[in-house]
Amino acid sequence: MNKETTDRKPILNVFLSTQPEVPPVYITSNLSESAQVVPLNSREHIFAEGRIVSHYLYGQDITARFSSCFMKRTKVMYSVPAQPVVSFHIQLSNGFRIKYASRKGQSQYAPDQYRLYWQNEEIIAYELQGEVSDHLDLFFRPSHFLALADRYPILRELAAEVATASPGDLNYYVNCLDDDMLDFVDQILLEFSEFEISHQRFTYLCECLLLHAMKISITVEPMPSEAIRRTDEQITSEWKDYVFTENQKSVLSDLKMLSDKNDLILKLNEVILDYLDCRKKAIDHRELIEDIKIYYAKVMGDSANLLAEAYFWIAKKLDKQLEIYGLTETEHKNVGKAIITLCTQSFELRSPASAQLALYSKWTEQPYKGEIGMQEFGRLLNIFIPEMNIPLEKLDNSKESKAILDQYLQDRLGITPLSHDTRGKAEEKSREVIELYQILVQMKADEFEITPGGEIKKSDEIRILDHAYETNDLMQLLRMEIDCFREDECYIEKQHAHKIGYWILALQEANADLKKQFHNREKEPLSRLVEAYYCSADKMEAVERKAQSLKVIYEKIVQDLLTIGQAMEGEVKKEIFLLFAESLIVAAEYPFKTDD
């Protein structure tokens, strides 16, 4: 028992502290021989000048500390060893000045530098600037460093200082990072943070990093195939960069400057209110469109259908009569253009029949690709596919409505939309997506059921959730999470600052999508009536007036087309025939305008 206790080594502690002293409470336990995995701990420092997040890995003879600093103003922090250490400091982004806290003289740190030095038990001061910076420190137990120097002569000069406990020199070895070194650091940090790592593997990788920095050629053995991903809650507080786009990283970087968690929560509450307001406007707008459709149908009657029929009637006449004339190739193309134009105008007013599509395809030599609205598409599916039952009122071209439609296609027809065809890509689904999905499924367990016959019945909210999971849509999952918990102050309060920032990002993107959808209303089929509603004080009365004016114009165009068609019944000179075709093209290029 005594021998076992003697053989155990104390944890190698080097603290990042606001004071130049060992904290009064710190880890003093020994490393257990039975602990096969290197423990990882995280600590967050929050103060008026900014915020620092540090992750510590404690090996048998080496401690690693990776720190991200989000500073609004300059601040001095101290690297305080509880035991003598040899330090290897790598400045990954943005430089800051370091010096011995108790000695004169200091070293100016430029960006992208790294240095090896004998720190012993002395305290190092980091003069952090008002910017975002990252740095990595490796701290070696002196006995281990001396053993390493026996194998690599390049380290023996520094080993002599260590062996005699001489005062250290911050400039013992200084060099600049290059892309190769950065890639090496990224590779090792990824393994440190993502996977459970043995003490032997941890020591090996730290040594490889130091030797690579000293320009010693080495080949790193690949990670063991049986490596297990970490599940520690502490390391999931800040997600990896690869789950975010460059724009999202920029937004998160700005949010990290809010050093106080309370400030982040206040910001989150502001964004939630904006989100609820945008969502209400979107719902109100969707209901308005339904009301306008009713007014439109009531006022217009058959006017739109008659105009659509008149357009196509003229198109058929042009197609039938052009063979009478000996047209040049250019003239033939112009008539074809007029036919295509008339078909397009007809189809915009009314869904085309098969015969009409055939004429269009004859001249375009391709199928009709007109934009069909999601509601119209859903309506057709409900007509032709038994028990489809797509909720048309929810198909408003929003991100959520597309998810609902995709899931209905998948559930009812077994069709996997191209937007989330993940065959062969299961390994690419991020841990963050999996964890969020599991949390939300548990929260919404009452929104789906399995019938005795084995059929899965689920709400549209579950369809959106499933779609987000299948498409790796992390932002949608985050939005759904905060939507579930936005009134639960305890749930929000216990989250890490990073998570609150992710919620803010997700809601800001949702708000941007909702606002874009609202401002793109001019692309809707009834855009003239919608604008009349928003621009007039009397709202629906203005819509009715606009619809009445459209009806008058539609009826006049029908009369004009009938006149043209009747004129084409008799013998028409080639020049007049071509003039008809050209005038129809011009009329489409300069559509009619109405007065309010």
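Contact here means heavy atoms within 4.5 Å.

1. **What you are looking at.** This is a predicted model, in which local features need pLDDT of at least 70, side-chain atom pairs count only at pLDDT 80 or more, and totals for chains, interfaces and linings use all residues. Residues are numbered from 1 along each chain as its sequence is written, and side-chain values use heavy atoms, with hydrogens and water left out.

2. **Overall make-up.** The protein has 20 helices and 13 strands; these are DSSP runs numbered from the N terminus, helices being H or I with at least four residues and strands E with at least two. Of its 596 residues, 47% are buried, meaning under 20% relative accessible area, while exposed is over 50% and partly exposed lies in between (1.4 Å probe, protein chains only). Among contacts with a separation of 6 or more, 71% join residues 24 or more positions apart.

3. **The largest nonpolar core.** A nonpolar core is a set of buried Ala, Val, Leu, Ile, Met, Phe, Trp, Tyr and Cys residues joined through side-chain atoms within 4.5 Å. The largest one has 47 residues, and Leu-318, Val-335, Ile-339 and Phe-577 touch the most other members. Elements giving it two or more residues include helix H8 (303–321), helix H9 (329–349) and helix H20 (574–589). The largest share, ten residues, comes from H19.

4. **A closer look at Ile-339.** Which residues is Ile-339 in contact with, leaving aside neighbours within four places in sequence? They are Ala-315, Leu-318, Asp-319, Leu-322, Leu-359 and Trp-363.

5. **A second core.** Do look for the separate core of 43 residues too, which includes Ala-64, Leu-136, Phe-140 and Leu-205.

6. **Aromatic pairs.** There are twelve aromatic pairs in the structure. Rings of Phe, Tyr and Trp (its six-membered ring) pair if their centres lie within 6.5 Å; planes under 30 degrees apart count as stacked, over 60 as edge-to-face and the rest as tilted. Tyr-437 and Tyr-469 are stacked, at 4.2 Å centre to centre with 25° between the planes. This pair links distant parts of the chain, 32 residues apart: Tyr-437 belongs to helix H13 (residues 431–443) and Tyr-469 to helix H14 (residues 460–470). Tyr-437 is buried at 19% relative accessible area, whereas Tyr-469, at 24%, counts as partly exposed. Elsewhere, ring pairs join Phe-88, Tyr-114 and Tyr-173 into a cluster.

7. **A charge over a ring.** Lys-539 lies over the face of Tyr-533, 5.1 Å from the ring centre. The criterion is NZ of Lys or CZ of Arg within 6 Å of the ring centre and within 35 degrees of the ring normal.
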